Amino acid sequence: MNKIADVNPNVLKAALIGGEWVDGNGGTLDVYNPHDGSVLHTIGVCSPADAEAAIANAKAAQPAWAAMSTIERAQIMRRIHQLFLERAEPIAQMITAEIGKVITDAREEVFEYSAPSWAKSAEEILRHRGLSFPSTQERTRNKRLVMNHRPLGVVAVVTPYNFPTDISSIALAHIAAAGNTVIWKPSEHAAVSCAMLADIFKDAGLPDGVINVVQGKGDVGAALVDSSDVDGVFFTGSTATGKKIAEKCALRPHLLELGGDGPFIIMDDADIDAAVEGAINGCFYYSGQVCTSAERVLVHEAVYDEFVAKFRAKAAELKIGDPSKEDTEMGPLCNHDTLRRVKGHVENAVAKGAKIEQFGKEEGLYYPATILTDVTTDMDIMCEETFGPVAPIYKLKNAEEAIEIAHQSGLGLIASLWTKDLATAWQIGEALPHGTVNINETSNYWDQLAPFGGTGQSGVGRELSQWFLETFTEKKLLVFDLGGESYSRRAEGGW
């Protein structure tokens with residue numbers, strides 16, 4: 001299969017600017033199918049100058065979009081939701097073809113997460129409340145203090161390949177619903193699935209220029225971040241890139257969701273069968289290419305042998321292969337950069353004494369489900385994000401050691417903790433330096449209406465639901481003096 005049928009040829013162009021698909025000045029880029037290495041399609045690529053054109057268009061469109069009534073913006077978000085559902089199956093198939101996510105998980109992404117984000121953003125913006133405050137400085141009731149919210153203006157959105165329509169939909173929907181306009185740079189590895197989503201906007205009645213798309217690589221994203229006409233930035237991706245963005249956004253709002261270290265902690269009183277199921281998901285869902293993956297499995301020595309035996313048996317049952325087949329459970333890695341990092345971490349661990357067991361064979365971008373035992377904390381795989389289908393299992397002495405190891409990476413996105421004791425769960429959960437701690441739940445669980453984000457090198461701010469609105473709107477206070485009787489401005493005296 002070299003081409004995906006029934007794709008609007010416009011979505012292969014370099015940019016959506018002002019509601020029209022246009023060619024870019026950055027040449028073209030081949031997008032490969034990670035399953036078999038074939039070229040799926042050739043897309044147009046933007047130059048930094050094209051990015052500037054998109055920014056100018058977004059800036060021109062923003063005042064009218066912000067002036068539109070809240071209910072009108074909400075209605076457009078709802079129409080995008082409905083059209084997305086109608087077109088979701090071809091988008092899911094394109095996700096599978098472009099990034100190797102198995103088709104059942106690709107459908108979960110578009111139907112359960114991506115499309116509903118647009119309707120959820122409508123409800124959030126309708127409920128984005130202001131506040132009123134009493135006058136506390138003067139002896140009068142003639143003052144009124146009212147706080148509301150205003151959009152930032154133009155926001156750059158740069159999204160990764162692993163959840164191409166989910167992460168982007170959450171960001172785009174909430175940022176736009178709040179009255180901002182957007183320039184979106186999707187991952188070049190998922191360019192067409194994202195363009196297929198963007199092709200919905202005009203049909204749903206979104207005004208031209210509210211959401212613009214620029215295809216390309218890092219230079220295009222850098223052009224967005226560097227522009228003085230961009231008022232805020234949303235980025236999901238590597239910690240290294242996130243640090244560069246943060247440096248450039250010192251005086252601009254930014255929301256960064258970066259890497260994770262995924263400590264998956266199993267205490268001696270845990271339900272081992274449940275923990276095994278959770279770890280299989282945590283380590284091997286989308287071949288481990290998830291920021292919330294179980295990157296380090298820390299198992300109490302009292303249950304270590306039982307866990308490893310049961311985990312090994314489950315890993316051996318995984319069906320690895322063509323991600324377009326309905327019964328496949330794990331497909332290939334998305335690209336060669338990811339493969340090199342995974343192989344490097346595993347080779348480093350084995351060289352330092354880890355024992356390796358693999359299920360499946362390495363071929364092309366396929367990397368086997370891999371278990372490492374006898375791991376030590378000085379191995380790269382215990383210090384850095386691997387982003388692949390590897391389970392390094394560490395034998396743990398006690399809760400104190402688990403907490404110590406969890407602090408070592410400097411990352412702090414999601415941790416998973418398995419114990420039947422409420423006090424243990426509470427005490428360890430509070431001590432872990434992570435934005436979220438899932439108790440008796442896999443690390444790859446998050447709720448779309450709860451705050452999501454990390455600490456330390458895992459990011460800045462919180463996304464999802466109302467927390468997007470907190471970052472990408474500004475609080476504005478209006479102070480009124482209604483006049484009336486004169487009064488003393490000295491509430492306490494002593495001026």
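**View 1. Two domains, with centres set 31 Å apart.** In this predicted model, the C-alpha centres of domain 1 and domain 2 are separated by 31 Å. The domain assignment gives 9–258 + 458–477 to domain 1 and 262–439 to domain 2. Where they meet, 22 residues of domain 1 touch 26 residues of domain 2. Together the two domains bury about 2000 Å², with 56% of that area coming from carbon and sulfur atoms. On the domain 1 side, look for His35, Tyr161 and Ser458: these supply 28% of the area that domain 1 buries against domain 2, more than any other three residues.

**View 2. Polar links across the domain interface.** Ten residue pairs make polar contact between domain 1 and domain 2. Helix H3 (88–99) and helix H4 (103–126) are the elements that each give two or more residues to the domain 1 side. As for salt bridges between the two domains, the count is one.

**View 3. A salt bridge between Glu326 and Arg107.** Here the side chains of Glu326 and Arg107 pair up, with N to O at 3.0 Å.

**View 4. Arg73, a buried arginine without a salt bridge.** Arg73 sits in helix H2 (residues 70–86). Arg73 is buried, and the nearest side chain of opposite charge, Glu72, is 7.6 Å away. What does the Arg73 side chain reach at 3.4 Å? That would be the backbone oxygen of Met68. Setting aside neighbours within four places in sequence, Arg73 has contacts that include Trp65, Ile125, Ala176 and Gly179.

Technical notes:
Residues numbered from 1 in each chain as written. Predicted model: local features only at pLDDT ≥ 70, side-chain atom pairs only at ≥ 80, totals over all residues. Heavy atoms only, no water. Helix = DSSP H or I, 4+ residues; strand = E, 2+ residues; numbered from the N terminus. Buried < 20%, exposed > 50% of the residue type's maximum accessible area, 1.4 Å probe, protein only. Lys, Arg positive; Asp, Glu negative; His and termini not counted. Salt bridge = Lys/Arg side-chain N within 4 Å of Asp/Glu carboxyl O. Polar contact = N/O pair within 3.5 Å; in protein donor to acceptor, adjacent residues only side chain to side chain. Contact = heavy atoms within 4.5 Å. Domains from an automatic or database assignment. Buried area = accessible area lost by both parts, 1.4 Å probe.
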